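Thanks for asking me to look this over with you. Below are my notes as numbered points, to be read alongside the structure itself.

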Amino acid sequence: MTSQKSKELIRPMPTTWWLGKKSYLLFMVRELTCVFVGAYALLLLVLVSSDQQTFASILKSPVSIVAHLVALPMVLYHSITWFNLTPKVMVLWRGEERVSPTLIAGSNYLVWLVVSIVVAGIAFLYG
Amino acid sequence: MDPSKSTPPKETISLEVFRYQPEEEDESRMQRYEVPLHKDWVVLDALNYIKDQIDGTLSFRWSCRMGVCGSCGMMVNGEPKLSCAAFLRDYAPGPIRVEPLNYFPVIRDLVINMEDFLHKLGEVKAWLLPDEEKPVSEGEYRQSPAELARYKQFSMCINCMLCYAACPVYGHHPDFIGPAAIALAQRYNLDSRDGAADQRAEVIFSHEGIWECTFVGDCTRVCPKNVDPAGAIQQAKVEGTKDWFRSVLVPWGKKPS
Amino acid sequence: MELLSHDILIVGGGGAGLRAAIAIGEENPQLSVGVVSKVYPMRSHTVSAEGGAAAVIKPNDSLEDHIYDTISGADWLADQDAVEVFVNEAPEEMIRLEHWGCPWSRDPDGSVAVRPFGGMKIERTWYAADKTGFHMLHSLFQTALKFNNLTRYDEHFATKLLVHDGRCQGVAALELRTGQIRAIAGMAVILCTGGAGRVFPFTTNAAIKTGDGMAMAYREGVPLKDMEFVQYHPTGLPGTGILITEASRGEGGILINKDGYRYLQDYALGEPLDVNDPQHPRKRTMELGPRDRLSQAFIQEHDKGNTTDGPYGHVVHLDVRHLGEKKIDKKIPFVRELCRNYAGIDPVSELIPVRPVVHYMMGGVHTNIEGETPLPGLLAAGECACVSINGANRLGSNSLTELLVFGARAARAAVRFARQAVDVDGPAVLRLAQQEQERIRQRYFQPQQGKDNIAKLRTELVWAMEAGVGIYRDERSLRQTADVIRELKERAGQLQLADHSLTFNTELTAALELEYLLDVSDTVVCGALARTESRGSHQRIDHDARDDERFLKHSLVYRTDGDPRVEYLDVVITRWPPGDRVYGSK
C-alpha cells in the first residue's frame with residue numbers, strides 16, 4: 001500500500017515516567033530494594049570471613065545498626081513482593097482447576113517461617 | 001441509549017478531551033466539554049453525546065459497547081480503560097481527562113496507530129500449528145476439559161492493547177513484542193493440539209521478546225478480561241530457562257517441543 | 001488515483017469474510033485476495049455472538065432433524081435445498097474451525113460439547129463457554145494471518161460497488177487514515193458486511209451494523225430479499241440492548257412476568273417442567289421455543305399488563321438463580337459479567353431484567369445457494385445475504401455456522417466465476433472510483449442548507465422504525481413510517497457536516513452510514529407493507545394468519561426512482577411440505 005501517512009503525533013516518554021502512577025512507583029521501589037539485598041549479601045560475606053572479634057565489633061557499630069535498620073524493611077518488602085508474585089511464575093494444575101495462588105504464595109511464607117525459626121534456634125543455642 | 005427519551009439530569013460533569021487534528025495544527029491540545037451526568041452512562045456515552053450534540057469533529061473508535069470488541073481503549077484519568085466500561089459516576093464530580101492510549105502514535109484525537117501490534121501477532125505466529133495434521137473426515141482433535149483449561153485464560157484477549165499502554169518497557173522500547181502478543185503465543189504453545197512452540201521460540205526468546213520484560217505487572221492489572229499477560233510472560237521465562245538448562249546439561253537430548 | 005487490484009475482493013472482515021478469505025488461501029493460494037473492512041477484523045460484530053454454533057455431531061442427532069428444525073423454525077419460508085446443503089456441510093465446517101484452533105468447550109471424553117438451543121429438537125449447539133462468536137472470530141482472524149496471498153485493507157470504508165458493463169468489477173473504499181477514495185478492482189466481489197440492526201433504537205448490534213453491503217448492492221439494482229423479517233432476540237438488557245444469550249435458557253433459565261409466573265405456558269409453547277426436574281429444559285418447549293414466538297409473547301404479556309415497568313421501559317425477568325454459582329461461572333460467565341457491569345445485578349442471586357431487542361436480519365442481498373447474486377461478479381454471504389436458510393425466523397446458533405458454510409461456498413463460487421470471466425476493465429473501474437470521490441466531495445465537503453445534524457436524523461429514523469415496524473405491525477403504522485423515511489431522505493440530502501477534515505473523519509462515515517440505514521429501512525417497510533399475512537417474525541395485526549397460497553414466497557425489493565418495487569419468488573420446497581409449527585409437544 002502506498003498511501004501517504006498523515007502526520008502522526010509521537011508523545012515522548014518523560015524521564016519522570018515512574019512518578020506518573022502508584023503502580024510504577026511501587027515497581028521502582030521494588031527494583032531499588034535489590035540494591036539493598038545485594039549490599040546486605042556483601043556485608044554478610046565480610047562478616048562470615050572475619051574472626052569472632054571483628055564480627056562482634058562490626059555488628060555493634062552504629063553504622064552497622066543503621067545499615068540493618070534500613071536494610072530490614074527493604075529486604076522484607078523485596079521478599080514479600082516476590083513471594084506474592086510466585087503464583088504467576090509457578091502454575092500448578094489439579095485437573096481443570098488451578099492450585100490456589102494463595103496456597104502457592106503461602107507456602108513460600110511457611111518455608112520462610114520454618115527456616116527463620118531454625119536459624120534463630122541455631123543462633124540462640126550456639127550464640 | 002437515547003438521550004431524548006429521558007429527562008436530562010440536572011448535574012453535569014466535565015470531560016477534558018485530548019484533541020489532535022493534524023490538518024489544523026502540529027500540536028495537541030485539551031478541549032473541555034460539559035456532559036449530563038446520567039447515572040448509567042459510561043465515558044463512551046459521554047463521547048457520543050459530545051460528537052452528536054456538541055462537536056461533530058471529535059474522532060474515536062468504538063463498536064460493541066459491551067467490552068468484547070476491544071475498539072474503545074483510551075486513557076481515562078491516566079489509566080488505560082475501555083471507554084465502554086468506565087462509568088461516569090465512578091469519576092464524579094470530575095473533570096475526567098480522556099486521552100489516546102499511551103505509547104502509541106496518535107493519528108487523530110483519540111485514535112492511535114495500532115499497526116505495530118498487528119505486525120507482532122504475525123511475528124509470534126499467533127495461530128494453531130498442529131503437532132500432527134488430521135483430516136477433517138476424522139473429526140475433531142480430542143482435548144480434555146483439563147487441557148482446555150491450560151490455555152483458556154490466555155485465549156480471552158480482545159486485542160484492546162490496554163496492556164501495551166500500561167507497559168513502561170513498551171513505552172521505552174517499541175520493539176518489545178509486548179504483553180498481548182506474548183500471551184497469545186503462549187495461548188497456542190499451551191494448546192494441546194499445537195506443536196510449534198519451537199517455531200515461536202525464536203521470536204519469544206529474542207532480544208525483543210520476554211527478556212525485555214521486568215515484570216512491572218501493570219499489564220495484568222489493567223487487562224479488562226483477566227488474561228494475565230504478565231503471568232504468561234513469566235511462565236515463558238521459566239520454560240525458556242528450563243529449556244536452556246536442558247540444552248546445556250543434556251545437549252544430546254531431544255529438542256524440547 | 002492508483003488502481004489496486006485482486007483476483008477476489010471481499011468486503012467485510014467478520015466471520016463470513018474471513019472464512020471466505022481462508023477458503024481461497026487454502027484452496028487457491030495462487031489467487032490474490034483483498035479484504036476490505038471498515039474496522040480491524042477482530043472488531044467485527046461476529047465477536048459479540050455468545051451462545052453457540054449448531055452442527056450435527058453427536059450420535060443421538062441426525063441431519064434430518066436439524067433440517068426439519070430449521071425449516072419449521074423458519075415458518076416454511078426457508079429454501080429447503082439451501083437448508084439441506086447448509087445442514088450437510090455444517091459439521092465439516094465446524095470441525096475445520098476446530099482444526100484451526102477454536103477452543104470449543106468439551107465433554108469429559110475430549111469430544112466437543114453441545115448444548116440445547118431454542119427451536120432445536122436435539123442439542124447440537126457447539127459452544128466456547130458463552131463467547132462463541134469471540135472465539136470463532138479470533139480463531140478465523142489468527143488463522144487468516146498465515147496466508148500471504150491475502151492483503152487486508154483495514155479501516156477502509158466501502159462506499160460504492162463499481163459496476164461496469166453489467167458486471168461488478170470492484171469497490172470504491174474510503175481509506176479512513178487519509179480520507180482518500182481507493183479504487184480496488186476484483187474479478188469477483190463478495191459482500192460479507194453483516195446486518196443492519198442499527199435501523200432500530202434497541203438492538204444487540206454494535207455501532208457498525210448499518211447495512212452497508214445491503215445498501216450498496218441495492219443501489220446497483222440487486223434486490224434485497226425478505227427484508228421485512230427482523231428478528232427480535234427475546235432477552236436483551238433494557239436501555240443498552242446488550243445481548244443476554246439464549247444459552248442462559250439452554251442451561252435452564254426461565255422467563256417470568258411481574259407475578260413470578262412462567263407466562264410462556266399461555267402461548268402454545270408447551271407445559272413448564274419444574275426447574276429441578278432432570279428433563280428441564282425440555283427442547284422446543286417453553287423457554288426453548290423459537291425466538292419470534294417468545295418475543296411476541298412478551299408484547300402480549302405487556303398488553304395484558306403483566307410486565308414490570310422499569311427505568312428503561314417494560315421488562316420481564318430471566319431467572320438463572322437455580323443454576324447455582326458454579327454452573328453460571330462455568331457455562332455462562334460472560335452473562336454474569338455483563339449483568340454486573342451493565343444491569344447492576346448479580347444473576348447468581350438476582351433476577352435479570354430483559355426485553356426483546358432487535359438482533360438479526362433474516363433478509364438481505366438475494367443470493368442462490370452458491371452465494372451468487374443476480375449481478376455477475378457479485379456474491380454475498382453471512383447476515384448481509386439471504387439465501388435463504390432462515391426464512392421468516394432464524395433459530396439461534398444457526399447464524400454462526402452459516403458464516404462458515406456460506407463464506408466458503410461463496411468463495412468457491414467466486415473463484416469459479418473469476419476463472420471464466422474476462423479481465424476487469426481497469427480504466428473504467430478507476431474512472432468510476434474517481435467519480436465517487438468527486439460525489440463525496442460535492443455532497444459532504446461543500447456548504448449545505450440543512451439545519452439537522454446526523455444524530456437528529458438517525459434518532460428520528462430509529463424511533464419511526466420502532467413505532468411502525470416493531471414486533472406487531474399494521475398498514476397504518478407502516479405507512480406512517482414510510483412517510484417519515486421519505487422525509488428524512490430529503491433532509492439527509494441537505495446534511496451539513498461540522499468535520500471537513502480528511503484524517504479519520506468519523507462524522508463523514510456516520511453520514512455515509514445514515515444513508516445506508518435510510519435505504520435499508522425503506523426496504524424493510526416496503527416488504528412489510530406488501531406482505532399481507534403473518535409469518536414468523538413478521539406479524540400483521542390486520543392480517544394475522546399465515547397465507548401459504550399467496551405468500552409462500554420470498555419478497556424481492558428493487559430500487560426505483562420512486563417507491564421501491566416488490567416482486568415475489570417461490571420458496572424452494574423439496575421434501576418437507578408446509579406444515580404447522582408445533583412447539584411444546586412431548
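Predicted model: local features only at pLDDT ≥ 70, side-chain atom pairs only at ≥ 80, totals over all residues.

1. Now step back to chain B as a whole. Its secondary structure consists of nine helices and seven strands. Along the principal axes, the C-alpha atoms of chain B fill a box of roughly 75 × 40 × 30 Å. The chain has 257 residues, of which 53% count as buried. If you take the contacts in chain B between residues at least 6 apart in sequence, 66% of them join residues at least 24 apart.

2. A word on confidence in chain B. The mean pLDDT is 93, and 95% of the residues of chain B reach 70 or more. Residues 1-5 of chain B have a pLDDT below 50, and this stretch has eight contacts in the model beyond near neighbours in sequence. I would read that stretch with this value in mind.

3. Chain B touches chain A. How many residues does each chain bring to this contact? There are 24 from chain B and 19 from chain A. On the chain B side, two or more residues come from each of strand 6, helix 3, helix 5 (168-172), helix 8 (218-222) and helix 9 (229-249). Helix 9 of chain B gives the most, with five residues. Sorted by class, the side of chain B that touches chain A holds 13 nonpolar, eight polar and three charged residues.

4. On to chain C, which has 15 helices and 22 strands. Its C-alpha atoms fill a box of roughly 70 × 55 × 50 Å along the principal axes. How does the radius of gyration of chain C agree with that of a compact globule? With 586 residues, such a globule would have a radius of gyration near 25 Å; chain C has 23 Å, which agrees. Buried residues make up 63% of chain C. Among contacts in chain C with a separation of 6 or more, 76% are between residues 24 or more positions apart.

5. Helix 11 of chain C (residues 426-445) is worth a look. This helix has 20 residues and reaches 28 Å from its first C-alpha to its last, close to the 28 Å expected at 1.5 Å a residue. Its buried residues are C:Val429, C:Leu432 and C:Ala433. They cover an arc of only 100° around the axis, which puts them on the same side of helix 11 of chain C. The face turned away from that buried side carries the exposed residues C:Pro427, C:Glu438, C:Arg441 and C:Gln442. Covering the buried residues are elements of chain C that include strand 1 (3-11), strand 7 (156-164), strand 8 (167-175) and strand 9 (180-191).

6. Finally, zoom in on C:Gly186, a residue of strand 9 of chain C. Is C:Gly186 buried or exposed? C:Gly186 counts as buried because it has 29 C-beta neighbours inside 10 Å, and the cut-off for buried is 20 or more. The C-alpha atoms of C:Gly186 and C:Ser5 are separated by 5.8 Å, although these residues are 181 residues apart along the chain. Leaving aside residues up to four places away in sequence, C:Gly186 touches C:His6, C:Asp7, C:Ile8, C:Leu9, C:Gly34 and C:Gly170.

Notes. Residues numbered from 1 in each chain as written. Chains lettered and ligands numbered in written order. Helix = DSSP H or I, 4+ residues; strand = E, 2+ residues; numbered from the N terminus. Buried ≥ 20, exposed ≤ 12 C-beta atoms within 10 Å, placed from the backbone. Contact = placed C-beta atoms within 7 Å. pLDDT = per-residue confidence, 0-100. Expected span 1.5 Å × (residues − 1). Arc of directions from axis to C-beta. Rg over C-alpha atoms; globule rule 2.2 N^0.38 Å. Nonpolar A, V, L, I, M, F, W, Y, C, P; charged D, E, K, R; others polar.
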